[in-house]
Amino acid sequence: MDIGQLIASRNASAILTCDVGQTMRDAIAILAEKRIGALPVMQSGQVAGIFSERDVIYCMAQQGPSCLDRPVREVMTAPAITVDRSEKVDAALSLMTRRRIRHLPVVEDGALIGFVSIGDLVKSRFDEVQQEAQDMRSYIQTA
């Protein structure tokens with residue numbers, strides 16, 4: 001399965017993002033309200049980086065609460081590691097493992113068309129393995 005199949009039923013305009021100029025405080029409010037771990041950070045319609053819980057923790061550990069008024073551009077992880085819709089789920093999982101990241105923006109011609117988490121990819125792979133096992137059981141029963 002590829003990433004395009006995984007995001008096919010999702011509405012790209014519903015992806016939560018933040019702007020490079022937003023304060024950390026505002027971006028953290030989005031993370032908390034929506035109970036999510038990361039946001040793609042946008043600048044002029046392009047993915048400029050990723051703002052995640054890790055970015056908050058590192059910044060708070062170094063600078064304390066005063067960093068909450070800094071713009072996201074100063075603390076985000078950049079450049080963003082991205083994939084396109086043709087990337088295979090297994091390859092994306094491998095990339096995430098190697099780079100120690102948990103979220104991937106999906107881009108096409110520079111535009112954000114999806115956002116997947118490691119949980120999305122693991123669930124997809126698990127469902128695929130479950131289906132293969134069911135197909136094998138059905139084959140054995142009819143043989």
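In the predicted model, strands β2 and β3 pair in the antiparallel sense over 6 bridges. Val-41 is bridged to Gly-49, its partner in β3. The two strands form a hairpin with 2 residues between them, and Ser-44, in the turn, has a positive phi of about 55°.

Beyond its neighbours within four places in sequence, Ser-52 is in contact with Leu-31, Gly-37 and Ala-38.

Leu-31 is also one of the buried residues of helix α2 (residues 24-34), together with Met-24 and Ala-27. Viewed down the axis of α2, the buried residues fall within an arc of 70°, so they line one face of the helix. An α-helix has 3.6 residues a turn, so residues three or four places apart point the same way. The other side of α2 carries the exposed residues Ala-32 and Glu-33. The buried residues of α2 pack against β1 (18-19), β2 (38-43), β3 and α3 (53-63).

Helix α3 also has a buried side, with Asp-55, Val-56 and Cys-59 buried. These residues cover an arc of only 100° around the axis, and therefore they are on the same side of α3. Exposed residues Ile-57, Tyr-58 and Ala-61 are carried on the face of α3 turned away from its buried side. The packing partners of the buried residues of α3 are α2 and β3. Contact with α3 is likewise listed for the buried residues of α2.

Most residues other than glycine have a negative phi, and most peptide bonds are trans. Arg-35, which is not a glycine, has a positive phi of about 55°. This residue comes just after α2, in the loop between α2 and β2. Arg-35 counts as exposed because its relative accessibility is 76%, over the 50% limit for exposed residues. Asp-109, also not a glycine, has a positive phi of about 50°. Asp-109 is placed in the loop between β4 (103-108) and β5 (111-117). With a relative accessibility of 80%, Asp-109 counts as exposed. Just after α3, a positive phi of about 80° is taken by Gly-64. The peptide bond from Ala-78 to Pro-79 is cis, with omega near 0°. Pro-79 lies in the loop between α3 and α4 (89-99).

In helix α5 (residues 118-142), Tyr-139 is exposed, with a relative accessible area of 57%. Tyr-139 contributes to a nonpolar surface patch of about 370 Å², made with Met-136 and Ile-140.

For the protein chain as a whole, the secondary structure comes to 5 helices and 5 strands. From the N terminus on, these elements run α-β-α-β-β-α-α-β-β-α. The C-alpha trace spans about 70 × 30 × 25 Å along its principal axes. Of the 143 residues in the chain, 38% are buried. The chain exposes about 8600 Å², and carbon and sulfur atoms supply 52% of this area. Among contacts between residues at least 6 apart in sequence, 55% join residues at least 24 apart.

How values were computed
Residues are numbered from 1 along each chain as its sequence is written. This is a predicted model: local features need pLDDT of at least 70, side-chain atom pairs count only at pLDDT 80 or more; totals for chains, interfaces and linings use all residues. Side-chain values use heavy atoms; hydrogens and water are left out. Patches are made of residues with over 30% relative accessible area and no salt bridge: like charges are joined within 9 Å, nonpolar side chains (Val, Leu, Ile, Met, Phe, Trp, Tyr) within 5 Å. Accessible areas come from the Shrake-Rupley method with a 1.4 Å probe; for residues, only the protein chains shown count as cover. A salt bridge is a side-chain nitrogen of Lys or Arg within 4 Å of a carboxyl oxygen of Asp or Glu. Helices (H or I, at least four residues) and strands (E, at least two) are DSSP runs, numbered from the N terminus. Buried means under 20% relative accessible area, exposed over 50%, partly exposed in between (1.4 Å probe, protein chains only). Contact means heavy atoms within 4.5 Å. The arc is that of the directions from the helix axis to the C-beta atoms. Two strands pair if DSSP finds at least two bridges between them.
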